[in-house]
Amino acid sequence: MSIQGKVWKYSDDVNTDVIFPGKYTYTITDPKEMAFHALEDLDSKFAKEVKKEDIIVAGRNFGCGSSREQAATCLKYAGVGAIVAKSFSRIFFRNAINQGLPLVQCKEAVENISSGELIEIDFEKGKLLCKKGIFNFPPLPESVLGILKDGGLIPYTRKILKIKKGE
Amino acid sequence: MGKTFAEKILALKSGKESVITGEIVTVSPDIVMSHDNTAAIAKKFKQIGIDKVKHPEKIVIPLDHCIPAATEKYAANHKEIREFVQEQKIENFYDINIGVCHQVLPEKGHILPATMILGADSHTTTYGAFGAFSTGIGRSEVASIWATDKIWLRVPETIKINIEGEIPPGISSKDIILHIIGDLGADGALYKAVEFSGKVIREMDIGGRMTLCNMAVEMGAKIGYVEPDEKTIQWLVARTNKKYEIIKSDTDAKFEKISDYDISKLEPQIACPHTVDNVKPVSKVVGTKINQALIGTCTNGRLEDLKIASKILHGKKISSGVRLLVFPASMEVFAQAMELGILQELVKSGAVIMNPGCGPCLGAHEGALAPGEVCLSTANRNFKGRMGCKEAEVYLASPAIVAISSLYGEITDIRGSLK
């Protein structure tokens with residue numbers, strides 16, 4: 001499991017309200033429509049210009065604030081391939097994994113990556129390749145990785161309950 | 001070596017002899033809470049491919065985020081929830097006339113010490129005020145728990161926060177927690193259990209403890225916790241007949257960090273735009289003009305909060321440039337405030353009394369801000385765009401500061417009027 005993408009770099013404490021404003025939480029239900037509002041109150045260019053497998057690189061405490069899962073959903077459906085940050089807020093961390101959106105916690109890498117550059121991440125090997133070099137990061141715990149590999153918590157739950165199909 | 005509350009309860013709920021910090025355990029929660037997001041969760045639940053929730057008796061659903069429905073879309077959302085509740089035979093459903101989830105669950109006796117409550121809302125940390133383990137989770141996780149009765153949790157390290165000294169006049173639990181968040185930062189307790197203790201906590205009423213635990217998540221905490229005592233037991237007597245045990249940290253438990261605060265000289269605290277940890281003493285922001293003042297929400301919409309406001313506003317009129325919105329946190333609080341004449345006082349002063357609910361806290365409806373406007377609020381978040389407009393500013397403060405500031409149309413130090 002590896003990806004290559006262009007970097008969108010942001011600072012510390014990017015909160016769920018700027019990722020996906022609260023005023024949309026009950027009015028927008030289609031994930032594709034959520035994607036149009038991704039990072040709306042932080043960077044108005046993002047939703048218009050983001051490409052599939054682009055990578056968000058951010059500082060500390062990414063996704064702090066609300067438990068709204070749409071903060072992860074809107075980024076996933078906007079095409080974001082992974083988020084690299086110095087640290088993640090705990091509910092956002094869970095929501096991203098549960099949406100099948102991979103996260104990398106690596107302070108050193110964040111400090112060495114610039115906005116707009118192309119980086120490569122190998123999740124299995126725990127390696128991140130950027131212009132300034134290769135950075136290692138600890139892989140996610142096995143139980144958490146399992147959810148990610150199944151494409152998120154809903155398909156994972158379906159699997160453990162051994163339900164063949166269900167929409 | 002002794003164990004912390006978090007270690008003990010996660011061992012209990014995962015059926016293990018003992019657990020260590022960092023360990024990932026699988027647990028069955030006692031209560032699973034969701035609110036207006038229940039319709040979206042129900043859709044995810046159906047995607048799993050089963051028809052019936054495993055434990056309808058564990059599910060509690062209060063409607064609160066946008067009540068009554070602001071538009072057809074919200075109305076359809078509420079309708080789907082009511083239908084789901086009927087279909088799944090969920091008895092603990094509270095419709096639009098009951099109040100905000102974090103006030104309603106304790107009031108209705110759903111919260112007991114040493115129980116585990118997981119909620120699709122970040123401020124689920126509130127119930128730590130009763131010695132429960134409670135934290136926020138996402139929508140998919142609630143759907144998955146409905147189906148399996150299980151979820152993974154990491155055993156958190158615990159930070160102990162000792163609060164000592166004498167609470168100065170005009171200072172409340174809101175000022176204390178804002179001060180701590182300002183000091184530790186928005187990620188100062190990331191992934192950690194935060195245990196509040198010390199003389200000030202022992203003397204603090206249950207409402208004040210709820211405010212502390214409610215806002216623990218604003219410094220990244222997984223849970224807030226206050227050791228249950230006689231006050232907790234007395235509060236619960238009136239709410240429930242259910243039996244419960246009490247779990248406390250051992251005296252020789254290993255805390256990751258112990259922080260001591262003496263609040264004897266604390267000034268009123270204000271969280272300035274646009275982050276909750278951008279906290280300043282009131283003296284630094286006195287004179288900031290405000291357009292709207294808000295008293296309410298799951299942080300500060302309790303009877304004692306409204307009492308303080310009505311005392312300050314008694315016989316006076318709010319500034320002509322200010323809109324004062326009051327949202328009692330629940331219908332119970334609303335009814336009590338009415339009986340005590342508090343609402344009448346507030347109305348005479350020029351306040352608009354709103355129905356119990358989240359109101360404009362998350363920008364969904366009721367009292368949204370226009371570009372360039374400033375709101376001083378008793379809520380818990382002031383992120384850019386939080387109250388519906390990214391060109392507006394939100395300051396957070398105690399009910400006393402919000403009330404006195406609404407009289408002058410600008411941020412005002414309550415201590416001036418106490419002399």
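Trainee: Which residues does Ile83(A) touch, not counting residues up to four places away in sequence?
Mentor: This is a predicted model, in which local features need pLDDT of at least 70 and side-chain atom pairs count only at pLDDT 80 or more, while totals for chains, interfaces and linings use all residues. Residues are numbered from 1 along each chain as its sequence is written, and chains are lettered from A and ligands numbered from 1 in the order in which they are written. Two residues are in contact if their C-beta atoms, placed from the backbone, lie within 7 Å. With neighbours up to four places away in sequence left out, Ile83(A) touches Ile56(A), Ala58(A), Phe62(A), Ala96(A), Leu101(A) and Leu103(A).

Trainee: How many residues does the largest nonpolar core have?
Mentor: A nonpolar core joins buried Ala, Val, Leu, Ile, Met, Phe, Trp, Tyr and Cys residues through C-beta atoms within 7 Å. Buried means 20 or more other C-beta atoms within 10 Å of the residue's own, exposed means 12 or fewer, and partly exposed lies in between, with C-beta atoms placed from the backbone. Ile83(A) and Val84(A) have the most contacts inside the largest core, whose residues number 190.

Trainee: Between which domains of chain B does this core lie?
Mentor: Domain bounds come from an automatic or database domain assignment. Both domains of chain B give residues to the core, so it lies between domain 1 (5-261) and domain 2 (269-417).

Trainee: Which helix gives the most to the side of chain B that touches chain A?
Mentor: The contact takes 38 residues from chain A and 44 residues from chain B. Helices (H or I, at least four residues) and strands (E, at least two) are DSSP runs numbered from the N terminus, and helix 2 (38-48), helix 3 (72-87) and helix 5 (139-148) of chain B each supply at least two residues of that side. The most, seven residues, comes from helix 5 of chain B.

Trainee: Which helix gives the largest share of the side of domain 1 of chain B that touches domain 2 of chain B?
Mentor: The C-alpha centres of these two domains lie 24 Å apart, and 32 residues of domain 1 of chain B are in contact with 32 residues of domain 2 of chain B. On the domain 1 side, two or more residues come from each of helix 4 (101-107), helix 6 (173-184) and helix 8 (206-216) of chain B. The largest share, six residues, comes from helix 6 of chain B.

Trainee: Which residue stands opposite Cys375(B) in strand 18 of chain B?
Mentor: Strands pair if DSSP finds at least two bridges between them. Strand 17 (residues 374-377) of chain B is joined to strand 14 (residues 292-296) of chain B by three bridges, running parallel, and Leu294(B) has Ser377(B) as its bridge partner. Strand 17 of chain B also pairs in the parallel sense with strand 18 (residues 393-396) of chain B, over four bridges. There, the residue opposite Cys375(B) is Val394(B).

Trainee: Is Val322(B) buried or exposed?
Mentor: Val322(B) is in the loop between helix 11 (303-313) and strand 15 (323-327) of chain B. Not counting residues up to four places away in sequence, its contacts include Ile290(B), Ala293(B) and Gly409(B). With 20 other C-beta atoms within 10 Å, Val322(B) is buried.

Trainee: What percentage of the 419 residues in chain B is buried?
Mentor: Chain B holds 14 helices and 18 strands, and its C-alpha trace spans about 60 × 55 × 40 Å along its principal axes. Of the 419 residues in chain B, the buried ones make up 59%.
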